[in-house]
Amino acid sequence: MSGFGGVLPWARRTIVEQEKWLTAQEFSAMLGICQIVPGPNIVNLAVCVGSRFAGVAGAFAAVLGLTLGPVALVIVLGVLYDHYSYMPIVQGLLRGISAVGVGLIASTGFKMMRNELKYPPMLAVIILTVLAASYFHLGLGWVVLLTSPLAFLLAWKRVKG
Amino acid sequence: MEEGKGVISTLLSLFLKLSAFSVLAFGGINAILPALYDLSVNQEHWINSQTFGDYFAIAQAAPGPNLMTVTLIGWNVGGVLGAAVATLAIAWPSSIMIYFLQRTILNMRDKKKQQIIQYAAGALAVGLVLAAAWGIAAQINHSLAAHLLTIGTIAVTFFTRWHPLYLIIIGGALGVLGFI
């Protein structure tokens, strides 16, 4: 897949605009589900789209189609890294890219947070999650276990209210 | 023989741990990066902090899904087989979950229930992704310049609609020139 800086926009173009496998609404609904269920979002989406058309076989085909190319490429990059990572230029290059990469993740988080601002009490869940993970260094399982009751309670209140 | 056993037990441990991460990854792969760092650098000592940062950078810059950081760690641990095991492990539990859940959620009669799930999981995801950005920045940014570049990236994405690839190129160029 030719997904520089994210595969999603590319996936939407292919699935909705070029191949017309799904309508824009169907795609959005599907994407919504894939983003709430844990796991690699784009793999989830591949399972959804693939299984819609050819069941389990379709899901397998879609996931393999999505991952095989990039996995092969990244292994080649791993080999190159082993050979050239001693070079200061390569080290600098990767330091720069990783600093940008972290920024991109943070801005994804902030953009997702805009939805939460429509219901400010939900910020408590976000703060609790960040504290549990970053300040108290709890394991991922504990963080999810600890914060999900509050998340569901507030979500329930938001919908009922 | 001993060595073979060692590799198999390492791959098994890699497979089991990553499989557990898969079902906890609210917000996608980005959300589990600190846990992945903890596992591969602090607990198992498969790679050092430097290599983790570099693998993260390679996965960011290469085309394809962002789960390639996981693939690279697997490759480091056990070659091509390790890469396959790691990629499979991070994907299979969540894939099975979504396979069964998608119709259930999409066809839910009670739209309110659907919204509750959506809001709750959404908030968890935001928290985990922000915590992940914070945690990873603390581990892989080793200079003030690197932190400034991270903050600059956030600012640019807020005020412009530049494609992330441009930012990655700029970051890489600044690094090559020795600023970071």
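Reader: Why does Glu26(A) count as partly exposed?

Author: Buried means under 20% relative accessible area, exposed over 50%, and partly exposed in between (1.4 Å probe, protein chains only). Glu26(A) has 33% relative accessibility, so Glu26(A) counts as partly exposed. Before we go on: this is a predicted model, where local features need pLDDT of at least 70 and side-chain atom pairs count only at pLDDT 80 or more, while totals for chains, interfaces and linings use all residues. Residues are numbered from 1 along each chain as its sequence is written, chains are lettered from A in the order in which they are written, and side-chain values use heavy atoms, leaving out hydrogens and water.

Reader: What makes Glu26(A) and Arg52(A) a salt bridge?

Author: The term needs a side-chain nitrogen of Lys or Arg within 4 Å of a carboxyl oxygen of Asp or Glu. Here the distance from N to O is 3.8 Å, so the pair qualifies.

Reader: And why is Lys17(B) with Glu44(B) called a salt bridge?

Author: By that rule, too: N to O is 3.1 Å for these side chains. Lys17(B) is partly exposed at 31% relative accessibility, and Glu44(B) is partly exposed at 29%.

Reader: How many salt bridges are there between chain A and chain B?

Author: The count there is 0. Still, 80 residues of chain A are in contact (heavy atoms within 4.5 Å) with 88 residues of chain B.
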